[in-house]
Structures are given as structure tokens and as C-alpha cells.
Amino acid sequence: MTFKTLDDLEPGQRVLVRLDLNSPVEDGEVQDNRRFDRHAETVRELAERGDRVVLMAHQGRPGGDDFVSLDQHADILAEHVGHDVQFVADTYGDEAIDAIESLDAGEILLLENTRMCDEELPEEAPEAKADTEFVQTLAPHFDAYINDAYSAAHRSHASLVGFALALPAYAGRVMQSEYEANSSIATREFDGQVTMVVGGTKATDVIDVMNNLGDKVDQFLLGGIAGELFLRAAGNDVGFDLEGMDFFDDQWEANRETIESLLDERGDQISLAVDLAYEDENDERGEVAVSDIDEKDRAYLDVGTETVETYDPVIRDSEAVFVKGALGLFEDERFSVGTVGVLRAISETDCFSVVGGGDTSRAIEMYGMDESDFGHVSIAGGAYIRALTGAPLAGIEVLKQD
Ligand SMILES: Nc1ncnc2c1ncn2[C@@H]1O[C@H](COP(=O)(O)OP(=O)(O)OP(=O)(O)O)[C@@H](O)[C@H]1O
Ligand SMILES: O=C(O)[C@H](O)COP(=O)(O)O
């Protein structure tokens, strides 16, 4: 491990802790999710060892419907920690400082949404962020800065990079475990076959991962939007938008050359669906062999059963399996066969596995699988993608400094 962790920090400190509690917001209500549960472990550990625990986090971006106060987050987090979490509707003004100074050992305080502070957001070098009034005002009230927000660590924002230069800096427990698991494909040697399941809607992101990881991954199993784009490049009449869709055409234009050269140079490492599923005239799941499609006249919402049967043994023969993106619209049970099929195969083998992506990992509890049957279920989206390709994350690079 290349950064200091909580094991290197004496108890009884005044700690400023960055979490990532960015969550879906529906009709103004913040939705509970894995992030609360995971960060609760770090927060509980700090409170139990007698630290004065001050938390920072963000929610949404200015202008968005999900750009809301963190008052609800404090209540949800408190439930997960099993301990009161105070909240102050201020980021670094007098109200925030008063609340920080009034904390007793073992107490927890959440500050207001960091993105309500003007100096938080513009992406700048860590040195510039460390010089902001936000950082300079808050830092003297603490002994240490702890970054637990792995899933936001790809952003060079004040709360993620500035404090690490102004205070002794440590990685929290979530940061530690996410870093280790998600970087393993780029940093670790596996004895046997390494497989990556690639799907979802963000084809551009996953194609970039494939392009970067061709030497590290033995087999890519494709589905979702990226899967259809590859089928299109292989000469099939799929992978373009029908009326009212906007998944395919832009991503095709942006990635066509890369897809074609990947198929050309690494075709034997890339498995494509042999059948696809759709909603038939009775609103039921229908399936068609890809070789029988001579005109795309319907949306394909999952890979077919035969495809799952060909992907299953590849997973069972793997030493390590990484998942990025769902193989179909699994939120609708009729189109969950691909995603659930590969996840179940992973959960039944003892391979090292990492499941990433907020949407995809939801399939685990939705279909009654047990998270403990997977090596690591990541709570990161953009940071996970970057880690897979071995790209540095700004918030981690500053933790590595002395
Ligand atoms: N053929 C398809 N048609 C429509 N949606 C699909 C299809 N295949 C997969 N999806 C959708 O892809 C979504 C997951 O993809 P996404 O690219 O958002 O990945 P993620 O990595 O899980 O999430 P995030 O990066 O947002 O954390 C699922 O919600 C699923 O419904
Ligand atoms: O939810 C996330 O993926 C992270 O918190 C980063 O959020 P952002 O994409 O709004 O910077």
C-alpha cells in the first residue's frame, strides 16, 4: 500500500474526513444506497476510537435537480453508523467552525454539501486547491485529513486534493479496499485466465477500457450497448438507433475505428452475443439468433440464453473476473437473464472478482445474490473505469505524498 491508513494514525484526533455520499435523489428524497453502508464503517471506527469526526461530502452539481443539502444524508448515515450524526448547514463559515469546535471526543458532524462552496468545483492543481480560503480556513481546526471518497477521487476538487496538502493525509477504509481491488487488474499478476464482462450503456467508457487492457485481459464477454456496437462492426444489422433511441449512433461514430481495430487485432479475445432478446407482441421475452437478424426492427434488451450458456464456462474457468456494465436491461426481470447469469456464475466460483458500476452492482441484491460471494463490489463509477485502465486518480496521488 502506497499511502498511510488509519492504522498509522493515533486515536483521539480531530479528523476531517471526505466521504462520497453522492446518491440518487427522487422527488427531493435522497435514496439510501451502498455508499452509506460502506462509509459508515470508517466513520464508526473513528468515533469509537475517540476521534472528533467532521465529515465532508458532495451531492449533485449546481444547477441539477439532485443538487441538494446534506441534511437528509446525515440522518441516513446515522442509521448505518448506529450513532448520532450532527449536521450544520454551512461549509466553512462561522457556523461550521462553531459546530466543529463544539464537538466532543467520539462525536460526528457532517458539514454542508461541499459543492455549495464556490472554491470546491473548478478542477485545478492540488496546490491551487490547497491555497483556497475554504481549505485555509478549515485546515487549522484539524490534526489530520482522511480521504475515504475513492469514488470521487478522479476529481481534482478542493475537498479531495486541497486538504491533503494542508494536513497530514490518510486513506480511510473504503479508499483502501476500493483502491486495492480496482487497481488489481492493472497492477496484479494472475496465474490463470482473466475475464472482463463488458456491457451497460456507456459504450465509449468501456471500449476505452478494452482498448487499454488488451494485454491484461484474456477474454472480454460483451453485452449491452457496447456488445451491439461490436456486433454491428462484425457485419450484423444491429447496433444503431431506431426512432426515439439515442444509445447507438453517436457512440458508433465516436468509437467505430477503435471497435474495428479491436476486432481486427484482438478478435479472438472478444466474445460477442450469439442471440439477443426483445419484447415480443405479447409483451413477453422473445429471442432471436444474431445470424437470423437481417433487419433491425426492434430494440434488443438483453443477450440471449445461448449466449449466457457460452459465457458461463468462460467465467467458471477464470482466475479473475471483472465486471463493468450490465448485459441487458436487468431492472426488468424479463431482460435480466444475461446480467444475472454471469453474476451468478461468478458468485458460484471461487475466482477473484470485482463488480463495478453503481447500476450493475444493484443487480446483486435485486436478484437475491449475496455480496459476500463476490471478491469486491465497487461503489465507484468513473473512478472504477479509470482505475481499471491504470490511470492515476488525483485524490489518491496526493495521498501518496509525504
Ligand atoms: N440492451 C440494453 N438496452 C438498454 N439498457 C441496457 C441494455 N443493456 C444494459 N442496459 C442498462 O445499462 C445499465 C448499466 O449500465 P451503465 O453503463 O450505467 O453501467 P454501470 O457501470 O453499472 O453504472 P455507473 O457507471 O453509472 O455507475 C443498466 O441500468 C441496464 O439497464
Ligand atoms: O457519484 C459519483 O460518481 C462521484 O461522486 C462523482 O460525482 P461527479 O461525477 O458529479 O463528479
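An oxygen atom of ligand 1 is found 2.9 Å from a polar backbone atom of T201, a polar contact being a pair of N or O atoms within 3.5 Å, where within protein one atom must be able to donate a hydrogen and the other to accept it, and residues adjacent in sequence count only if both atoms are side-chain atoms. This is a predicted model, in which local features need pLDDT of at least 70 and side-chain atom pairs count only at pLDDT 80 or more, while totals for chains, interfaces and linings use all residues. Residues are numbered from 1 along each chain as its sequence is written, chains are lettered from A and ligands numbered from 1 in the order in which they are written, and side-chain values use heavy atoms, with hydrogens and water left out.

Around ligand 1 there are 19 residues, of which K202, K324, E331, G358 and T360 come nearest; a residue is near a molecule or strand if one of its heavy atoms lies within 4 Å of it. The side chain of K202 places an N or O atom 2.3 Å from an oxygen atom of ligand 1, and for the side chain of E331 the corresponding distance to an oxygen atom of this ligand is 2.4 Å.

Ligand 2 has its own surroundings, made up of D20, N22, R35, H58, R61, R115, S151 and R155. A polar side-chain atom of N22 is 2.9 Å from an oxygen atom of ligand 2, the side chain of R35 has an N or O atom 2.9 Å from an oxygen atom of the ligand, and a polar side-chain atom of R115 lies 2.9 Å from an oxygen atom of ligand 2. In the unreviewed UniProt entry, the annotation "binding site" covers R35, R115 and R155; UniProt positions are given in the numbering used here, feature names are shortened, and annotations may be inferred rather than shown by experiment.

R35 belongs to helix α1 (residues 34–48), where helices (H or I, at least four residues) and strands (E, at least two) are DSSP runs numbered from the N terminus. With a relative accessible area of 13%, R35 is buried, a term that means under 20% relative accessible area, with exposed over 50% and partly exposed in between (1.4 Å probe, protein chains only). Beyond four places in sequence, R35 is in contact (heavy atoms within 4.5 Å) with D20, L21, N22, S151, I379 and A380. R115, by comparison, sits in the loop between β6 (108–110) and α4 (126–130) and is buried at 7% relative accessibility; its side chain reaches the backbone oxygen of G60 at 2.9 Å.

A380, one of the contacts of R35, lies in the loop between β17 (376–377) and α15 (382–388) and is buried, with a relative accessible area of 0%. Leaving out residues up to four places away in sequence, A380 touches R35, Y150, S151, E178, G356, G357 and G358, and G358 is also among the residues that come nearest to ligand 1.

Helix α13 (residues 337–348) is largely enclosed by the rest of the structure, because 9 of its 12 residues are buried. Elements that cover these buried residues include β9 (193–198), α12 (305–316), β15 (318–324) and α14 (358–366).
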